Amino acid sequence: MARIIEGKQKNIIGSKLKELRIKKGLTQQQLSNKLETMAIYICRGSISRIEEKQRTVTDIELYGLSKILDVSIESLFEKRDI
């Protein structure tokens with residue numbers, strides 16, 4: 001079965017995640033710390049890899065990211081990527 005994401009990119013939310021995180025005024029470490037309060041463990045380095053599209057993202061992580069950034073899950077996706 002073919003993968004949905006071909007090539008080197010492992011997610012399609014990385015760029016938007018970085019944009020929203022910066023807009024919210026959070027560092028990668030602060031975002032990591034806030035996720036930890038929800039029992040979602042993504043270290044700062046993993047957030048960096050997600051933003052660089054070098055790491056996949058689970059549905060639970062998407063949920064936590066959307067709650068911390070106060071946006072819908074759909075908002076994490078660029079319209080052109082859907």
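**Exercise 1.** Where is the place of Asn11 relative to helix 1 (14-23)? Determine also whether Asn11 is buried or exposed, and which backbone atoms its side chain reaches.

*Solution.* The model is predicted, so local features need pLDDT of at least 70 and side-chain atom pairs count only at pLDDT 80 or more, while totals for chains, interfaces and linings use all residues. Residues are numbered from 1 along each chain as its sequence is written, and side-chain values use heavy atoms, with hydrogens and water left out.

Step 1: Asn11 sits in the segment before helix 1, where helices are DSSP runs (H or I, at least four residues) numbered from the N terminus.

Step 2: with a relative accessible area of 4%, Asn11 is buried, a term that means under 20% relative accessible area (1.4 Å probe, protein chains only).

Step 3: a polar atom of the Asn11 side chain lies 2.8 Å from the backbone nitrogen of Gly14, and the Asn11 side chain also reaches the backbone oxygen of Ile50 at 3.0 Å.

**Exercise 2.** Describe how helix 2 (28-36) and helix 3 (44-51) cross, and which residues make the contact.

*Solution.* Step 1: the two axes, lines fitted to C-alpha atoms over the stretch in contact, come within 8 Å and cross at roughly 110°.

Step 2: helix 2 and helix 3 are therefore roughly perpendicular to each other, the class for angles of 65 to 115 degrees.

Step 3: the contact (heavy atoms within 4.5 Å) is made by Gln28, Gln29, Leu31, Ser32 and Leu35 of helix 2 and by Arg44, Ile47, Ser48 and Glu51 of helix 3.

How values were computed:
Helices (H or I, at least four residues) and strands (E, at least two) are DSSP runs, numbered from the N terminus. Buried means under 20% relative accessible area, exposed over 50%, partly exposed in between (1.4 Å probe, protein chains only). A polar contact is a pair of N or O atoms within 3.5 Å; within protein, one must be able to donate a hydrogen and the other to accept it, and residues adjacent in sequence count only if both atoms are side-chain atoms. Axes are lines fitted to C-alpha atoms, for helices over the stretch in contact, and angles run from 0 to 180 degrees between N-to-C directions. Angles under 35 degrees count as roughly parallel, over 145 as roughly antiparallel, 65 to 115 as roughly perpendicular and the rest as oblique.
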